[in-house]
Amino acid sequence: MKTINRRSWIKSSLFTLGGIVVAPSIPSLASGKSGFASKSVLSEVLSASPFNESRMLARLNANENPYGPSPKVIQAISESISMGNRYGHRDAFTLIEMIAEKEGVSPEHIMLGPGSSDLLEKIAFVRFMEGGNVVSADPSYMSLIQTAQAMGATWKPVLLTPDHSHDLDAMASAVDGETKLVYVCNPNNPTGSITNSSELKDFCKTVSTKVPVFVDEAYLEFLDNPESHSMVGLVSKGHDVIVARTFSKIHGMAGLRIGYIVAQPDRIKSITTKVRSTMGLCVTSLKGAIASMKDQEFLKNCRTLNAASREFVSREITSLGYDIIPSYTSFMIFPIAMDGPKFLKAMNEKGVGIRVFNIHDKPWCRVSMGTMEEMEIFVDSFKTVTT
Ligand SMILES: Cc1ncc(COP(=O)(O)O)c(C=O)c1O
């Protein structure tokens, strides 16, 4: 049997992982221009070498939550391991009922998945089976768009506005007879920026009369008042809007793989008539998600700690003369004044995992918010490496 070279396997996985994160150029960030993106070539996500996780002092490359999972989740999971001989359908339904109550919709409006990535991809599979096009911001999170492209769809990227919001007017104008879905990531990855919620609501109401609007709210819960920014209320009012959420971020359960969408029951059925929904879910993760939803104190704490790390890094990096895009998420991005691969390699050698994007031919550093101790390591290493 051919042995897989572990280093090259990890390396190629990292490239794939990184590749879905960022879209092409962000000339709007540099030039203040907005409108359609001129090219649709993915900008490079640089990965100097596979990370040696055991040597990593600060793991700040994948927007993970350093505080999770909550002790109550760990307890629930430990207690559920002995039930591993049973399918998790009952627990899936319990979780669906809890989510439905929280979001003010019926259980038929909810679909669970092993992470929201799974649901982003499934929506892309069913919507783009016959091609068409997908409209989204540029740059944005590329998972759904890449699957759509793999299905034969065309991507219609629309540059962010100079203040890094979605250019909603330009996105609405980009919708044509071939558009099968509009994807909005709010707050947006990789920019960490937010789009005004009342303007986004108006956009969703209008555009969803023509095509479904998919709103990815993976980082919503890091906002102080998440409900007021969510588009989920539009689903309960009958609009053709699909909202995605994940337990990977504020709940600190990225490796446990649970996410969900809230959508019109017909949209959910368009997937579940083709693939099964709860079959891909692990009983331990379901029990963990149920426990996490009940642990509001933990979530609140994560939000506070994340904001403190964000303020610290923002202050420190800004004082060094760098322009950080104001972040509403658990990561932030800023342009660096050093060769991208060299910077990445030097940071990795210091034991700091970050992402470097080559955006519009300029290197940008995206750093996830870790513990305060990790952020201090990041700032110290950054100063050493860049001076
Ligand atoms: C905007 C956005 N959406 C979705 C995901 C997918 O998360 P998961 O599959 O872990 O739920 C991520 C992960 O980083 C993300 O940044």
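In this predicted model, Val182 makes contact with Val135, Ser136, Met171, Val175, Val207, Val211, Val213 and Phe214, leaving out residues up to four places away in sequence. Val182 belongs to the largest nonpolar core, a set of 78 residues, and together with Phe214 and Val243 touches the most other members. Residues of this core come from both domain 1 (29-68 + 298-386) and domain 2 (71-295), so the core lies between the two domains. Another core, of 24 residues, lies apart from it, and includes Met332, Ile354, Val367 and Phe382.

Most peptide bonds are trans, and most residues other than glycine have a negative phi. Against that background, the bond joining Asp138 and Pro139 is cis, with omega at about 5°. Pro139 sits in the loop that runs between strand 5 (133-138) and helix 6 (143-150). A cis peptide bond also links Asn189 to Pro190, here with omega at about 20°.

His164, which is not a glycine, has a positive phi near 70°, and its place is in the loop between strand 6 (154-159) and helix 7 (168-174). Is His164 buried or exposed? With 21 other C-beta atoms within 10 Å, His164 is buried, because the cut-off for that class is 20 or more. Arg257, likewise a residue other than glycine, has a positive phi near 60°. Arg257 is found in the loop between strand 9 (241-246) and strand 10 (259-262). Arg257 has 20 C-beta neighbours inside 10 Å and therefore counts as buried.

Helix packing comes next. Two packed helices are described by the angle between their axes and the distance between the axes. For helix 13 (residues 296-319) and helix 15 (residues 372-386), the angle is about 15° and the axes are 10 Å apart. Helix 13 is therefore roughly parallel to helix 15, as angles under 35 degrees fall in that class. The two helices cross in a right-handed sense. On the side of helix 13, the contact is made by Ala308, Ser309, Phe312, Val313 and Glu316, while helix 15 contributes Met372, Met375, Phe378 and Val379.

Beyond its neighbours within four places in sequence, Met372 is in contact with Ala308, Ser309 and Phe312. The C-alpha atom of Met372 is separated by 8.8 Å from that of Asn306, although the two residues are 66 residues apart along the chain. Met372 counts as partly exposed because it has 14 C-beta neighbours inside 10 Å.

The axes of helix 4 (residues 89-103) and helix 12 (residues 283-294) come within 9 Å, crossing at roughly 25°. Helix 4 and helix 12 are therefore roughly parallel to each other. The crossing of helix 4 and helix 12 is left-handed. Which residues make the contact between helix 4 and helix 12? Helix 4 supplies Asp91, Ala92, Thr94, Leu95 and Met98, and helix 12 supplies Val283, Leu286, Lys287, Ala289, Ile290 and Met293.

Terms used
Residues numbered from 1 in each chain as written. Predicted model: local features only at pLDDT ≥ 70, side-chain atom pairs only at ≥ 80, totals over all residues. Core = buried A, V, L, I, M, F, W, Y, C linked by C-beta atoms within 7 Å. Buried ≥ 20, exposed ≤ 12 C-beta atoms within 10 Å, placed from the backbone. Domains from an automatic or database assignment. Contact = placed C-beta atoms within 7 Å. Helix = DSSP H or I, 4+ residues; strand = E, 2+ residues; numbered from the N terminus. Axes fitted to C-alpha atoms, helices over the stretch in contact; angles between N-to-C directions. Parallel < 35°, antiparallel > 145°, perpendicular 65-115°, else oblique. Left-handed = near helix turned anticlockwise from the far one by under 90°.
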